[in-house]
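Notebook open, model loaded. I'm jotting down what I looked up, in the order I looked.

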Amino acid sequence: MTCRETRDALIETVTGRTPPDLRRAVAAHLEVCANCRREAARFEETVALLRAGPDPDPPLGFWPGFMVQLEERIAREPVGLWARLRRRLTVPALGPAAATAVVVVVFVVSTLLRPALGPGPEAQTPNPLAPYLTDSMRTLLPSLEQTVQIWQSGLGGTDADPLYLIQPEGP
Amino acid sequence: MDHEDAALVAAFKRGEESAFTAVVIKHRETVYRIARRMLANHEDGADVTQEVFIRVHRALPRFDGRAQLRTWLYRITVNLCLDFQERRRRHAWVDLDEVVQEVPAEAGPVAQVEAGALRQAVARAVESLPPRQRAMVGLRLYQDLPYDEIAGICGCSEGTVKATMFAALRKLRVLLAEEWSEERR
């Protein structure tokens, strides 16, 4: 490494970010060159002096006031039409409220429409087991019936009797 | 881009104003320190810091994420500081009282006086650098940024940054030697 190359590399070496191979090359040159060694020592001393002080910090309690002032200034900023629209559509605080509103509307509409649709076909054929069914059984039955039908259409449908049949209405 | 910064930028673009507050809280101290070191007093540093985040709020929806958010923020900070100094058309005003007040009170009286004098000497020496040199020295020595990032912030080549740093350190060495010997007299 020449003196010129070493002095170019010194700026990286003394300020701290040097690949190990470059650092080794600089160190090897400094061992044999008194001029570059003196230059390196001066640079190191200067950097140490410059870095000696603490980071400048603002006075205590500065940041809360800063944030308030910043918010006020941003609120006074003219906002474009597109930005205004985008903010209205995507205000996160309104997300849950909008979801709740959708659920309520769906519930109300479905409740209002149900009588207009009339009774379903199952209501027209009363189940003969009805007197024996408890409320909890009633809530389970539709899914039970569906499960049995699925089973019957699969393995159970080929060579086994159905486990559950709704009795047809007698004469 | 830093994952956290990328998530905050994306959230802000979706309209979450709180993401901007998080960006400010994360970067305000570094932005303040860069501005304070370039402008050499609290008042101007605070004003520029405020202005930086106003600009960021305006421009963040258009930020494309090709550069690091911090590089972009620091570029805005350095440019605003340069504009600020250009507008005032005078050298930065170094508040030497502020510099002395930064000496920790736990140190003994002699150490406090010496440390205060040294900081004043350093502050005066740094203040005598041209603004762009001062920016580069600050970003390298105090923010510990790599040379390629400083080049991105200052809008020049890495070689230019290194050459400028070399010249700045040589000048500072001479100035500090003079200042320090005067202080000791």
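I started with H1(B) against H2(B): B:Leu8, B:Ala11 and B:Phe12 in H1(B) meet B:Ala19, B:Phe20, B:Ala22 and B:Val23 in H2(B). I call two residues in contact if their C-beta atoms, placed from the backbone, lie within 7 Å. Helices are DSSP runs of H or I, at least four residues, and strands are runs of E, at least two, numbered from the N terminus. Nonpolar is Ala, Val, Leu, Ile, Met, Phe, Trp, Tyr, Cys and Pro; charged is Asp, Glu, Lys and Arg; the others, Gly among them, are polar.

Source note: this is a predicted model, where local features need pLDDT of at least 70, side-chain atom pairs count only at pLDDT 80 or more, and totals for chains, interfaces and linings use all residues. Residues are numbered from 1 along each chain as its sequence is written, and chains are lettered from A and ligands numbered from 1 in the order in which they are written.

Next I checked confidence (pLDDT, per residue, from 0 to 100). Chain B has a mean pLDDT of 86, with 86% of its residues at 70 or more. For the complex, the predictor gives an ipTM of 0.82 and a pTM of 0.68.

Then the interface: I find 30 residues of chain A in contact with 33 of chain B. On the chain A side, H1 (3-15), H3 (34-50), H4 (62-76) and H5 (81-90) each supply at least two residues. That side has 16 nonpolar, six polar and eight charged residues.

Last, chain A itself: I see nine helices and zero strands.

Technical notes: pLDDT = per-residue confidence, 0-100.
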